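Let's take a friendly walk through a protein model, one piece at a time. Have the sequence and the structure open beside you as you read.

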Amino acid sequence: MQDYLDDLESRSIYILREAYNRIKPLGMLWSIGKDSTALLWLIRKAFFGRIPFPMIQLDTQMELPEVYEFRDMLIKKWGFEFHAEMCPPEEEMDQTLPPATRAASRKTQGLKNLITRDKYKGIIVGIRRDEQAMRAKERVFSPRSFDGAWDYKDQPAEFWDQYKTEFPEGTHVRIHPILHWREIDIWRYTLRENIPYVPLYLAKNGLRYRSLGEKNITTPIQSNASTLEEIIAELETTKASERAGRTMDHDSEDSFERLRRSGYM
Amino acid sequence: MSDQAQKLGVVIVGHVDHGKSTLIGRLLHDTGSFMEGKLEELKAVCARRNVEFEWSFLLDAFQAERDQAITIDTTQIWFKTKKRNYVIIDAPGHREFLKNMVSGAAFADAAILVVDAKEGVREQTKRHAYLLHLLGLQQITVVINKMDMVGYAEERFKELSKEITAYLKGIGVTPHSIIPIAARHGDNIAHKADKAMPWFKGLTLLETLDVFEPIAAPVDRPLRFPVQDVYRYDEIRYIAGRVEAGKIRKGDVLTFSPSNRTAKVVSIEKWGSKHDILSAQAGESIGVTLDQPIFVARGDIASLSDKAPVLVNAFRANVFWLGKKPLKVGSHYKIKLSTYEATVTVQSIDRVISTDDLSRVEKDSVDINEMAEITFHSRELLALDPYQENAKLGRIVIVENHDVVGGGIISSEGLHDMRHVLHRTQDNLHAVDHLLAPAARAVRNGHRGAVIWLTGLSGAGKSTLAMRVEHALFSRGIQTYVLDGDNVRKGLCSDLSFTAEARTENIRRVGEVAALMADAGLVAITAFISPFRSDRRRARDAGGQAFHEIYVKADLQTCEKRDPKGLYKKARKGEIKEFTGISSPYEPPEAPELVVDTTTHGIDACVEMITEYIIKTIRGDLRQNVSSLAGKVSA
Ligand SMILES: Nc1nc2c(ncn2[C@@H]2O[C@H](COP(=O)(O)OP(=O)(O)O)[C@@H](O)[C@H]2O)c(=O)[nH]1
């Protein structure tokens with residue numbers, strides 16, 4: 001019998017196969033966090049054990065050391081094509097942005113550099129609708145203009161599993177295969193499939209990371225959940241927002257929107 | 001774990017400002033779904049901006065929306081009741097945002113139609129209701145909102161209920177229930193409004209939602225496994241795809257459409273599976289390996305042979321149009337049908353539906369946000385199902401210039417399965433006789449072949465009309481070609497002089513070639529003076545049923561006055577011998593199929609008359625023809 005995780009999985013596999021068939025060249029942003037690592041697992045499922053396109057990390061060299069450790073371990077264990085894209089320094093960013101948002105915008109710039117240089121037509125990103133109100137507006141196949149801008153007011157029609165797979169020259173598409181998953185689904189799936197994850201998600205001394213950003217803009221939350229089962233139990237009752245530990249989102253009510261419109265993940 | 005129980009997708013639609021966003025805000029609040037701090041955060045923003053707090057602000061995550069106070073795009077919002085999880089798809093009511101509403105509603109299991117108690121049923125109320133019907137949504141509840149503004153009057157509720165029920169009945173929708181609510185105050189949403197509306201005895205909105213069921217995957221339908229891709233890893237060929245209907249079992253013999261080839265399932269593949277997979281059902285993304293190396297590609301549909309989809313060249317669909325450019329007869333579009341892509345031509349617009357009174361509107365184009373019944377025609381055979389039988393293979397999206405510009409569900413009316421025809425040609429490749437009856441070509445082309453024989457004096461307008469008509473037919477997707485003096489004298493008749501015998505032979509050859517063209521399925525238009533009845537009779541004999549004589553009439557004086565090539569002048573001077581009308585007779589047709597008089601009618605009117613006549617004759621009764629063909633072939 002199919003249970004609800006099987007349905008989520010099947011849908012993601014379908015999207016990944018559509019992307020791989022319709023759009024070339026294709027790359028995926030692997031942030032090394034729980035979502036994009038579960039997505040990496042889904043890619044292996046979709047392509048019968050293969051990972052047929054490169055994994056890219058937008059690297060600010062500001063991730064926590066455990067993150068880098070996990071990254072190197074998994075590349076070795078699963079053996080896939082990997083590329084770390086170095087993001088430009090913060091001094092080069094738009095100085096009118098609030099400080100934490102400015103730090104995040106380094107990744108936006110890194111992504112732009114990557115696409116300009118390597119001519120990717122499709123970038124797979126592991127975002128979910130339930131993360132943030134703005135992400136709830138996303139399409140599964142979301143076209144971006146040349147500079148990465150997202151026109152959220154004029155998005156393509158998307159229904160009946162038919163996606164926008166044709167584009168004018170000079171544009172690319174973001175593909176969101178796990179848009180329909182929730183945080184709790186990711187953890188349940190990680191547990192069921194025994195997918196590796198960065199240990200920072202588990203509580204130590206009453207603190208754990210719920211979301212992993214760079215070390216200067218993410219803080220752990222108070223929690224005693226030290227196993228995946230406990231994390232799942234915690235999520236079943238919490239009302240706190242997932243990104244509460246991310247400084248940037250509180251800078252101003254509009255900063256996330258400004259970031260995303262200009263090409264942030 | 002209640003959280004792990006099924007999830008129900010609910011779309012909320014209705015006229016702008018009737019209270020959809022407010023209702024959602026309220027639903028979230030009353031089910032305790034808000035993230036801590038969200039309500040306070042928004043109240044603070046409102047205070048800072050000096051605006052009154054609205055429940056709808058909870059949803060309007062974008063600055064832009066707060067500025068315009070209308071919801072822009074589909075948002076998905078989660079909440080849960082004791083029974084299960086819900087995802088609300090917020091569909092905006094603004095007219096040009098139909099695109100987003102469709103994008104949202106297509107994911108829903110059930111719908112809430114919001115109607116303002118004071119304003120009543122409005123244009124978008126009707127349009128959205130119709131669209132829900134078109135999208136196949138059957139679980140619909142109506143809420144009459146803002147009951148506080150009509151003094152919670154039972155009378156008003158009854159009156160509106162009657163109106164909306166009548167309309168919904170007209171489009172074949174029976175609402176599950178009609179509930180009086182006041183979203184702003186939470187009346188009859190999570191809690192029964194016993195004080196305000198003691199007269200209402202039905203279920204609250206949340207109780208109603210809990211009664212609905214998620215749309216189940218069509219497991220008990222005939223197998224449909226559209227091929228998404230083919231991978232070759234380590235010498236293994238994986239046919240990848242998602243089972244869209246029914247069940248696939250190891251050992252099944254699959255028929256692939258449209259190629260009609262068969263192969264047996266050796267294994268069903270899912271990476272990481274610890275045991276041998278014996279079957280997979282609707283909803284599962286899998287791979288299969290086959291015992292035969294038959295050619296299989298994306299877009300092929302695998303089924304079991306006794307319950308295969310139909311193979312057709314033409315189908316009718318109920319279409320909603322999102323394109324900024326209108327849909328027109330004769331236009332070509334790309335369609336996506338499951339994983340298959342094909343080019344289709346709009347053969348006819350059978351009905352444009354006015355959502356206001358559901359009347360038929362006579363139009364030859366479909367504009368943005370309109371809905372219509374369209375007959376499409378495709379060169380390739382398409383494997384499909386009527387929507388009623390299998391939704392996944394019974395719907396198309398229409399693409400123009402990179403964009404999805406429409407969607408449609410396929411009607412069971414007028415689908416004529418061509419599979420027998422295909423079968424027979426393959427089994428009998430050695431045979432010399434034509435195995436294809438003319439009707440088979442006619443169905444593929446969407447019209448029969450014909451010889452349209454224009455006759456008349458020089459200068460009567462035959463060539464001009466022929467070219468204009470050819471163009472008109474072509475733009476309607478008709479296969480057509482003009483034979484005239486210029487193109488036949490170049491090769492086919494280059495050996496002929498202009499003696500009387502040679503002219504007769506010229507007409508004979510044109511008659512034979514035109515007849516072959518008609519047999520091949522084309523509409524051949526000939527533009528020759530062809531002054532003699534005997535010559536034209538011979539052409540009619542060659543063409544048989546397909547032959548149509550059209551007399552392009554104009555009196556000699558007029559033609560001589562027009563004299564476009566200066567031929568009359570030369571003839572009068574004796575420079576051309578045996579010139580029709582001057583030095584040689586013209587025998588007008590005795591019983592032409594059509595007469596157009598170019599002295600009394602303008603060229604446009606004549607083009608229209610001829611075009612209309614041709615379309616009527618080559619397309620009329622096409623369906624009848626096909627049924628008789630199907631009978632013949634299987635006999
Ligand atoms: N009095 C009253 N006003 C309401 C009620 N529900 C919604 N409204 C108001 O109607 C207006 C439009 O509501 P909104 O939810 O934005 O409509 P939408 O365009 O359908 O999303 C807002 O000013 C709401 O406050 C209700 O139950 N009673």
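## A walk from helix to sheet

Just after α5(B), B:G136 takes a positive phi of about 85°. Before going on, please note that this is a predicted model, in which local features need pLDDT of at least 70, side-chain atom pairs count only at pLDDT 80 or more, and totals for chains, interfaces and linings use all residues. Residues are numbered from 1 along each chain as its sequence is written, while chains are lettered from A and ligands numbered from 1 in the order in which they are written.

Helices (H or I, at least four residues) and strands (E, at least two) are DSSP runs, numbered from the N terminus. How far apart are the end C-alpha atoms of helix α5 of chain B? They are 17 Å apart, which agrees with the 16 Å that its 12 residues (123–134) should span at 1.5 Å a residue. That expected span is 1.5 Å times one less than the number of residues.

In α5(B), 10 of the 12 residues are buried, among them B:Q124, B:H128 and B:L134. B:Y130 lies in this helix too, and it counts as buried because it has 24 C-beta neighbours inside 10 Å. Along the chain, B:Y130 and B:L168 are 38 residues apart, yet their C-alpha atoms are 8.1 Å apart in space.

Next comes the ligand. Around it are 19 residues, and B:G19, B:K20, B:S21, B:T22 and B:R184 are the closest; a residue counts as near if its C-beta atom, placed from the backbone, lies within 6 Å. Helix α1 of chain B (residues 20–30) gives the most to this shell, with three residues. By class, the shell holds four nonpolar, nine polar and six charged residues. Here Ala, Val, Leu, Ile, Met, Phe, Trp, Tyr, Cys and Pro count as nonpolar, Asp, Glu, Lys and Arg as charged, and the others, Gly among them, as polar. Helix α1 of chain B is also the place of B:I24, which is buried because 26 other C-beta atoms lie within 10 Å.

Now turn to chain A. Six of its strands form an open sheet with mixed pairing, in the order β3-β2-β1-β4-β6-β5. Its edge strands are β3 (82–86) and β5 (141–144), each pairing on one side only. Neighbouring strands here are turned by 30° against each other on average, direction ignored. Two strands pair if DSSP finds at least two bridges between them; β2(A) (residues 55–59) and β3(A) have five, in the parallel sense. A:D59 stands opposite A:M86 in β3(A).

| Chain | Helices and strands | Buried residues |
|---|---|---|
| A | eight helices, eight strands | 51% of 265 residues |

In chain A, 76% of the contacts with a separation of 6 or more are between residues 24 or more positions apart. In chain B, 73% of contacts between residues at least 6 apart in sequence join residues at least 24 apart.

Methods. Buried ≥ 20, exposed ≤ 12 C-beta atoms within 10 Å, placed from the backbone. Axes fitted to C-alpha atoms, helices over the stretch in contact; angles between N-to-C directions. Contact = placed C-beta atoms within 7 Å.
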